[in-house]
Structure formats: structure tokens, C-alpha cells
Amino acid sequence: MFHVEHAILFFLLIQGLALPLQAQEIRLSPEESMVLGYINELRANPKQFFRKYVLDYSKSDPRIDPSYVQSLESDLAQLDSLPLLVPSGGLEQVARFMSRDLAHSGGKRLSHVSSGGLSFEERMARIHTPCAGENLYSGVNRSPLQMVLDLLIDWRVPDLGHRKNLLNPAYERIGIAISPWGNGGEVLATDFSCPP
């Protein structure tokens, strides 16, 4: 029965017809917990995070435009520690809904609007969160650290929206969900909010 109920709920979620908001314990997978750990390590000491991870990573991938790494170094040099992010059950539900919805497309679609037409703003309104942001990421054979680094460097994203969300001092809550779409592909959804 458990699997049937979840299959029905997943179908409804994909259709954008339901977004359950019942109280739910937070259940992060080991991979999701690692994403949270890296994000909080970044927020605890931005300058050290840059030295520890970003420089070597950016040198290992010649596709990364060095100007994005330089702008990141400048951004992080201006920051002291930021509030650590605390997992939120409501945000986790929203993130899980979106990561599953996007994974259903087999990695072919990455949008802040669900396949059923539910916008980011509508999803946040359902959990009564007016101050929020969302990062979506899809990749193949990427480690949790690589996912966080790709979002933080944010190359090919002119407005640096993913980086801004990761470094927003107003955010104190987070929902994280990773869903596989096959052949090593995964979708990561991270939703952020200010305190209630």
C-alpha cells in the first residue's frame, strides 16, 4: 500500500494538481546531506571555502571561464560568515516535488515552472514563504561538491542567480532534494527561505 500511495501522489505531483503540505520529518539522503554540508561550509567561512575547493576545481575544468572564478573570489573576499542553513520540512517537500518533476523529463527540461504549470511563486505561496529563492541543477555523474561548486561559480549564468541564492544572508532555511533521471543523471533542487 505504501508504494501505491506514493505512486499516486507522485502522479498528482507531476501533474501539478497537488502539493501536500502536511508536517513531515526531514529525510535527507546521504548525498543531500553532503550538499547541505558543503553549502554550510561555504557560508561558515567563504574565503576558506574558495581556497580549499574552488581554485583547484576551476583549474581542473578548462571550460570554466576564469572571469567567473575571479568575480567569485571578489564576492567571497567581501563576506564574513553567513547564517548556516537549517533544513525545513516544507521547503524539502517543495524541492522534492520539483526535482522529481524535472527528473521525469530525463534531464531534458530545467525550469522553475513544473510540468503541470505550477510556478516557483505559486509553490512558495502554498507553504506561506514570501521570501525565497530556488536553485535547480542537472548533471551527469556529478558529486555533491561538484554540484555546489558549479552553482557557486555560476558560469554561463550572467545574473549569477545561483551564487546569489547560496550567499544570501537573509536565507536561514533550506530544502534539498536530488532525483535520478538515468545514466548517472540527477536533478538537484534547493529551495531557500528567510526565517518565518
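Guide: A salt bridge is counted when a side-chain nitrogen of Lys or Arg lies within 4 Å of a carboxyl oxygen of Asp or Glu. The model is predicted, so local features need a pLDDT of at least 70 and side-chain atom pairs count only at pLDDT 80 or more, while totals for chains, interfaces and linings use all residues. Residues are numbered from 1 along each chain as its sequence is written, and side-chain values use heavy atoms, with hydrogens and water left out.

By this rule the structure has 9 salt bridges. One of them joins the side chains of Arg96 and Glu32, at 3.0 Å from N to O. Arg96 belongs to helix α5 and Glu32 to helix α2 (residues 30–44), so this pair ties together parts that are 64 residues apart in sequence. Helices here are DSSP runs of H or I with at least four residues, strands are runs of E with at least two, and both are numbered from the N terminus. Arg96 is buried, at a relative accessible area of 14%, and Glu32 is buried as well, at 2%. Buried means under 20% relative accessible area, exposed means over 50%, and partly exposed is in between, computed with a 1.4 Å probe on protein chains only. Arg96 and Glu32 also belong to a network of salt bridges that includes Glu92.

Another pair is Arg163 with Asp75, whose closest N and O atoms are 2.9 Å apart. Since Arg163 lies in helix α8 (residues 161–166) and Asp75 in helix α4 (residues 66–77), the pair ties together parts that are 88 residues apart in sequence. Arg163 is buried, with a relative accessible area of 2%, whereas Asp75 is partly exposed, with 29%.

A further salt bridge holds the side chains of Arg109 and Asp101, at 2.6 Å from N to O. Arg109 counts as partly exposed at 25% relative accessibility, and Asp101 as buried at 2%.

A nearby number in the sequence is worth a brief note. Gly107 lies in the loop between α5 (89–103) and α6 (120–126) and is partly exposed, with a relative accessible area of 30%. Gly107 touches Leu102, Ser138 and Trp181, leaving aside residues up to four places away in sequence; contact means heavy atoms within 4.5 Å. The C-alpha atoms of Gly107 and Glu186 are separated by 7.5 Å, although the two residues are 79 apart along the chain.
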